[in-house]
Amino acid sequence: MGTPEKNQENLMRLDEIPLLGLLAKKVDKMVGQLGLYEAARELVRESATKLEVKNQTSETQDILRNKPAVVVYNHPYDAEPAALIASLPPRADISLVTTETLLGLGNNLAKYFLPIYYTEQSKIKKEAERFFKIPEILRVRFSPVLNEFEKAKKNWQTLKLAAQRVINGSLVGIAPEGSWGKEKKWFTGIGHLLKEISSGTDAYFVRVYIKGTSDLDILRLFHLTGTVLPKIEVVFDTPKKIADLLQGNPSAKEITNHEEASYKSWVTSIERRTL
């Protein structure tokens, strides 16, 4: 699996941040030894996180294990990617579309990440300060802010690579709201990704909703902390053929708007059932 192109000199190195750096190196080493899927499962076991997987039928499991697929999920906090991966059937060819800053977690992790350049420097710094709340964070090198043309060019390259991996039979996960997205509008990248895959492939679109995560998720990197943190629920929807979503040749924006409205309506129905 190829590593996305990146500028190592300018890359924000999250593994250089005090405390976070130690945790990042631990996780990156684990991924290098076990692979992304088994590393996520091991993190859940080590932390004793209570993980409940819902509505993953045998048919859905077969698709998630063997078929090319795009999995969309919500990502308001930190733990959702690991929870998603750990809830999947065993699979080695998993990639995640994510913010480019996460490439700085380590080289082993970076092999599984497809970077999107939508976060400005000021926002990166704000998020880092919010999560880690330590003055040393100010010493970390941050990636330079790219202009809109540079970001668009890199993002298009990422989406084409993501689409090619799905066409080749892999599973790609994407949070259309972006990392740490809380009730924001979906980026049109999901629409471009689906159109790039084309209607001629036997690929699936799978919706996932993750509940129970919070600002305390970083604590799940420590042993047994999951015993005192909320249970995480990972709810799967019935997979759809991507070809069916592309009938009528809709634009990327039309695909995005339709799937966003449908996803949020589905989430609302789940929340109503739990009341």
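Good morning. Please keep in mind that we are looking at a predicted model.

Let me start with the whole chain. The protein chain has 275 residues, and 53% of them are buried. Its secondary structure comes to 10 helices and 8 strands.

Now the contacts along the sequence. Take the contacts between residues at least 6 apart in sequence. Of those, 79% join residues at least 24 apart.

On to the helix pairs. Two packed helices are described by the angle between their axes and by the distance between those axes.

First pair: H2 and H4. H2 covers residues 36–47, and H4 covers residues 80–87. How far apart are the axes of H2 and H4? They are 8 Å apart, and the angle is about 105 degrees. Angles of 65 to 115 degrees count as roughly perpendicular. H2 and H4 are therefore roughly perpendicular to each other. From H2, the contact uses Leu 36, Tyr 37, Ala 40, Arg 41 and Val 44. From H4, it uses Ala 82, Ile 85 and Ala 86. By class, this contact of H2 with H4 has 7 nonpolar residues, 1 charged residue and no polar ones.

Stay with Val 44 for a moment. Val 44 lies in helix H2. Is Val 44 buried or exposed? Its relative accessible area is 18%, so Val 44 is buried, the cut-off for buried being under 20%. Leave out residues up to four places away in sequence, and Val 44 touches Thr 49, Leu 51 and Ala 86. Ala 86 is also one of the H4 residues in the contact with H2. Val 44 and Leu 221 are 177 residues apart along the chain. Their C-alpha atoms are separated by 8.7 Å.

H7 is residues 148–167, and H8 is residues 189–197. They pack at about 45 degrees, with axes 9 Å apart. That makes H7 oblique to H8. The crossing of H7 and H8 is right-handed. Which residues meet here? H7 brings Trp 156, Leu 159, Lys 160, Ala 162, Ala 163, Val 166 and Ile 167. H8 brings Gly 189, His 192, Leu 193, Glu 196 and Ile 197. The residues of this contact of H7 with H8 divide into 8 nonpolar, 2 polar and 2 charged.

H10 runs over residues 252–274. H8 and H10 pack at an angle of about 115 degrees, and their axes are 7 Å apart. H8 passes H10 in a right-handed crossing. The contact is made by Ile 190, Gly 191, His 192, Leu 194 and Lys 195 of H8, with Ala 252, Ile 255 and Thr 256 of H10. By class, the contact of H8 with H10 has 4 nonpolar, 3 polar and 1 charged residues. Note His 192. His 192 is among the H8 residues that meet H7, and His 192 is also in the contact with H10.

Lys 54 lies in strand E1, residues 51–54. Lys 54 is partly exposed, with a relative accessible area of 28%. Beyond four places in sequence, Lys 54 touches Glu 233, Val 234, Val 235 and Phe 236. Lys 54 and Asp 237 are 183 residues apart along the chain, and their C-alpha atoms are separated by 9.0 Å.

Phe 113 is in strand E4, residues 113–116. Phe 113 is buried, with a relative accessible area of 6%. Leu 103 is 10 residues away along the chain, and the two C-alpha atoms are separated by 7.0 Å.

Last, the backbone. Most residues other than glycine have a negative phi. Which residues here have a positive phi without being glycine? Leu 224 is one, with phi near 65 degrees. Leu 224 sits in the loop between strand E6 and strand E7, and it is exposed, at 53% relative accessible area. Asn 249 is another, with phi of about 50 degrees. Asn 249 is in the loop between helix H9 and helix H10. Asn 249 is exposed too, with a relative accessible area of 60%.

That is my tour. Thank you.

How values were computed:
Residues are numbered from 1 along each chain as its sequence is written. This is a predicted model: local features need pLDDT of at least 70, side-chain atom pairs count only at pLDDT 80 or more; totals for chains, interfaces and linings use all residues. Side-chain values use heavy atoms; hydrogens and water are left out. Axes are lines fitted to C-alpha atoms, for helices over the stretch in contact, and angles run from 0 to 180 degrees between N-to-C directions. Helices (H or I, at least four residues) and strands (E, at least two) are DSSP runs, numbered from the N terminus. Angles under 35 degrees count as roughly parallel, over 145 as roughly antiparallel, 65 to 115 as roughly perpendicular and the rest as oblique. A crossing is left-handed if the near helix is turned anticlockwise from the far one by less than a right angle, and right-handed if clockwise. Contact means heavy atoms within 4.5 Å. Ala, Val, Leu, Ile, Met, Phe, Trp, Tyr, Cys and Pro count as nonpolar, Asp, Glu, Lys and Arg as charged, and the others, Gly among them, as polar. Buried means under 20% relative accessible area, exposed over 50%, partly exposed in between (1.4 Å probe, protein chains only).
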